[in-house]
Amino acid sequence: MFRIKTLNKISPAGLSVLDQTRFSVSGDVENEDGILVRSADMHEYPFPDALRCIARAGAGTNNIPIDRCSEAGVVVFNTPGANANAVKELAVCALLLSSRNVVGGSAWVREQAGAGADVEKVVEKGKSQFVGPELSGKMLGVIGLGAIGVQVANIATKLGMTVFGYDPFLSVDAALSLSRLVHRAMDLETIYKNCDYITIHVPQTSETRGMINEDSIHMMKGNVRIINLARGGLVNDDDMLAALECGKVAAYVTDFPNNKILQGKNVIPIPHLGASTPESEENCAVMAAQQMRDYLENGNIKNSVNLPTLVQEWSGISRLCVIHRNTPGIIAQITGVLSKDGVNVENMTNKSKKDYAYTVVDVGSRVSDSVANEIRAIDGVLRVRLLNH
Ligand SMILES: NC(=O)c1ccc[n+]([C@@H]2O[C@H](COP(=O)([O-])OP(=O)(O)OC[C@H]3O[C@@H](n4cnc5c(N)ncnc54)[C@H](O)[C@@H]3O)[C@@H](O)[C@H]2O)c1
Ligand SMILES: O=C(O)CC[C@@H](O)C(=O)O
């Protein structure tokens, strides 16, 4: 029985992937084999000895200590693209909210009613204070053309916007999905200097943290509108507050409000609703649970952020799954241990991702714990699992 801990509310459709005869799933299991998580901050989370994988039902993994996971041989999965449509739709909403003062106008109507005014009469007199420009004919900059950015860029062309997209690591899949109406910007300056609206869809990493700051805002056009449905830390709050105060930035829509940024004028806060649709919660949970199940039961890895994709058909009786450093000599040592102990290799795959590698060996006889322990003792081996068919 595998023990799975949930650190956030996970859609029941996802939990149903984990058959109750093989998986015990709850928020308070101990010494868990796997963790299902959404946005809970895991940076200080103590890893139990049994922990083998963490599945993030969502895209961003900045709430998970990836380096610590890799060193502990813990596979971290995410669910690329599973919530992209939900975020795309909210991005369209955010573009409109940044332009047409629906939020301010709506609050004003309620204030009028509260003050005893005849709303039908006052709206026509007061509405001019809420005028805002149309999107059609304006320039939109999309920073990050991944699962979400591509969809936002494509739909914006249908709203009549001229769209520039920037992504120095554009994948082949993303390039194939991108509308030919979207112009590729070769640098961020092109986006900053030309766009009336800028929307950010990159992960928060040490490279992207604070990318919207005094310097980048300085390059932007006056009255620019900025949409951030990606992560709060991508924007330097102090610099954004200054730019909102002087009017350089006309509106800032953020899905990651905090007490500081809420002080700014023309900030439109959203309570992290980007992926909050039943469809997206279900997609993410199902994908996360399927990936976790396949890893725990078969050792297969798909959509991991710290280990390579490796899917191998079963061809033996036992399977050794070895997570190790991506350094020379380790595979030879693993096969050396097996041949010394008379274990015949039926099939073997090795894949690497940056500093880490994964080797799956199917063998034709039962492997004893002592053989597995010999492999564990190899310098550079981080985790060994022994699965029996
Ligand atoms: N608000 C929400 O609820 C919500 C939901 C989903 C995702 N997100 C956030 O949005 C981010 C993007 O999601 P996604 O599904 O599109 O991810 P993705 O991995 O498909 O796309 C991210 C893209 O950013 C690009 N990129 C990385 N560094 C860059 C840089 N310095 N400049 C330009 N491009 C860069 C990558 O090449 C990739 O194409 C996630 O990392 C997450 O933080 C938020
Ligand atoms: O789980 C959520 O609601 C948000 C997920 C989102 O931030 C993501 O990165 O996919």
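Biologist: Which residue in E7 does Ile143 stand opposite?

Modeller: In this predicted model, Ile143 stands opposite Tyr166 in E7. The two strands involved are E6, covering residues 139-143, and E7, covering residues 162-166, and they pair in the parallel sense over five bridges.

Biologist: And what sheet has E7 and E6 in its order?

Modeller: They belong to an open sheet of seven strands, and if you walk across that sheet the order is E8-E7-E6-E9-E10-E11-E12, with parallel pairing. Strand E8 (183-184) and strand E12 (267-269) stand at the edges, and because each has a single partner strand, one side of each is left without a neighbour in the sheet.

Biologist: Which helix lies across E11 and E12?

Modeller: That is helix H10, residues 237-245, which lies across strand E11 (249-254) and E12 and runs at about 140° to E11.

Biologist: Now the sheet with E1 in it: what is the strand order there?

Modeller: That one is an open sheet of five strands, in the order E2-E1-E3-E4-E5, again with parallel pairing. Its edge strands are E2 (23-26) and E5 (75-77), each of which pairs on one side only, and the twist averages 20° from one strand to the next.

Biologist: How many bridges join E4 and E5?

Modeller: Strand E4, residues 53-56, pairs with E5 in the parallel sense over three bridges, and Ala55 stands opposite Phe77 in E5. Helix H11 packs on this sheet, where it touches strand E1 (2-6), strand E3 (34-37), E4 and E5, and the direction of H11 makes about 165° with that of E4.

Biologist: Which residues touch the most other members of the largest nonpolar core?

Modeller: The largest nonpolar core has 106 residues, and those touching the most other members are Leu36, Val249 and Ala288. The largest share of this core, nine residues, comes from H11.

Biologist: What is Ala288 in contact with, leaving aside its neighbours in sequence?

Modeller: If you leave aside the neighbours within four places in sequence, Ala288 is in contact with Gly14, Leu36, Ala55, Arg56, Ala57, Phe77 and Thr79.

Biologist: Changing topic to the ligands, how many residues surround ligand 1?

Modeller: Ligand 1 is surrounded by 32 residues, and the closest are Gly60, Gly144, Gly146, Phe169 and Gly274. The elements that give two or more residues to this shell are helix H3 (84-99) and helix H6 (147-158), with H6 providing the largest share, three residues. By class, the shell has 17 nonpolar, eleven polar and four charged residues.

Biologist: And which residues are around ligand 2?

Modeller: Around ligand 2 you will find Arg38, Ser39, Gly58, Ala59, Gly60, Asn83, Gly274, Ala275 and Ser276. By class, this shell is made of two nonpolar, six polar and one charged residues.

Biologist: What about phi at Asn223, positive or negative?

Modeller: Phi of Asn223 is positive, at about 65°, although the residue is not a glycine. For background, most residues other than glycine have a negative phi. Asn223 is found in the loop between helix H9 (214-219) and strand E10 (224-228), and it counts as exposed because 12 other C-beta atoms lie within 10 Å.

Biologist: How far apart are Ser370 and Gly247 in space?

Modeller: They are 69 Å apart, C-alpha to C-alpha, and 123 residues apart in sequence. Ser370 has its place in helix H13, residues 369-376, and counts as exposed, with 8 C-beta neighbours inside 10 Å.

Biologist: To finish, what does the C-alpha trace span along its principal axes?

Modeller: The trace spans about 90 × 45 × 35 Å, and the protein has 13 helices and 16 strands. Buried residues make up 41% of its 389 residues.

Conventions. Residues numbered from 1 in each chain as written. Chains lettered and ligands numbered in written order. Predicted model: local features only at pLDDT ≥ 70, side-chain atom pairs only at ≥ 80, totals over all residues. Pairing = 2+ DSSP bridges. Helix = DSSP H or I, 4+ residues; strand = E, 2+ residues; numbered from the N terminus. Contact = placed C-beta atoms within 7 Å. Axes fitted to C-alpha atoms, helices over the stretch in contact; angles between N-to-C directions. Buried ≥ 20, exposed ≤ 12 C-beta atoms within 10 Å, placed from the backbone. Near = placed C-beta within 6 Å. Nonpolar A, V, L, I, M, F, W, Y, C, P; charged D, E, K, R; others polar. Core = buried A, V, L, I, M, F, W, Y, C linked by C-beta atoms within 7 Å.
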